[in-house]
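My entries follow in the order in which I looked things up.

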Amino acid sequence: QVQLIESGGGLVQAGGSLRLSCAASGRTFAAGAMGWFRQAPGKEREFVAGISGSGISIDYADSVKGRFTISSDNAKNTLYLQMNSLKSEDTAIYYCAARRANLVFRTSSAYDYWGQGTQVTVST
């Protein structure tokens, strides 16, 4: 079984930075695409960023482009999301996701495995 465990969430002031991590077990990241999603209270889960299994293709939601950076360390089997210039609208539960295929998709239904989520709260 593939397991994804997020960490690094917490409370941060607006304009600050936070780095999320997603540790994977049971399968190497190179086996498929990885992505970050988030869900705020009363809102649907939305795509944040994704990276293909090969690492060649990277995709960001317009709302985070230029502020967030997705990366992976295959040796450590860990996915990262570096979040800079955080805004109050970034407050949400952030989820790590993985799919068997290596192509990045923005729809959550395309992903096969999910982590438990980590809370990110941005204060103003």
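**Overall fold**

I began with the secondary structure and found 0 helices and 11 strands in the protein, where helices (H or I, at least four residues) and strands (E, at least two) are DSSP runs numbered from the N terminus. Read along the sequence, the pattern is β-β-β-β-β-β-β-β-β-β-β. The radius of gyration is 13 Å, close to the 14 Å that the globule rule gives for 124 residues, so the protein is as compact as a globular protein of that length; the radius is taken over C-alpha atoms, and the rule is 2.2 Å times the number of residues to the power 0.38.

I noted for the record that this is a predicted model, in which local features need pLDDT of at least 70 and side-chain atom pairs count only at pLDDT 80 or more, while totals for chains, interfaces and linings use all residues. Residues are numbered from 1 along each chain as its sequence is written, and side-chain values use heavy atoms, with hydrogens and water left out.

Taken along the principal axes, the C-alpha atoms fill a box of roughly 40 × 25 × 25 Å. The accessible surface comes to about 6,300 Å², of which 47% belongs to carbon and sulfur atoms; such areas come from the Shrake-Rupley method with a 1.4 Å probe, and for residues only the protein chains shown count as cover. Buried residues make up 45% of the 124 residues, with buried meaning under 20% relative accessible area, exposed over 50%, and partly exposed in between (1.4 Å probe, protein chains only). Of the contacts (heavy atoms within 4.5 Å) with a separation of 6 or more, 60% are between residues 24 or more positions apart.

I then turned to an open sheet of 4 strands, which has the order 1-3-8-7 with antiparallel pairing; two strands pair if DSSP finds at least two bridges between them. Strand 1 (3–7) and strand 7 (68–73) stand at the edges, each with a single partner strand, so one side of each is left without a neighbour in the sheet. The twist averages 15 degrees from one strand to the next, with axes being lines fitted to C-alpha atoms (for helices over the stretch in contact) and angles running from 0 to 180 degrees between N-to-C directions.

Strand 3 (residues 18–25) is joined to strand 8 (residues 78–83) by 6 bridges, and the two run antiparallel; here L20 stands opposite L81 in strand 8. Strand 7 and strand 8 are likewise antiparallel and joined by 6 bridges, and F68 stands opposite M83 in strand 8.

**Loop residues**

Which residue takes a positive phi in the hairpin of strand 7 and strand 8? I found that N77 does, near 55 degrees, in a hairpin with 4 residues between the strands. Most residues other than glycine have a negative phi, which is what made me record the value. At 14% relative accessibility, N77 counts as buried.

S85, in the loop between strand 8 and strand 9 (92–98), also is not a glycine and has a positive phi of about 50 degrees. At 41% relative accessibility, S85 counts as partly exposed.

Last, I looked up S52, which is found in the loop between strand 5 (46–51) and strand 6 (58–60). S52 is buried, with a relative accessible area of 9%. Not counting residues up to four places away in sequence, S52 touches G32, A33, S57, N102 and V104.
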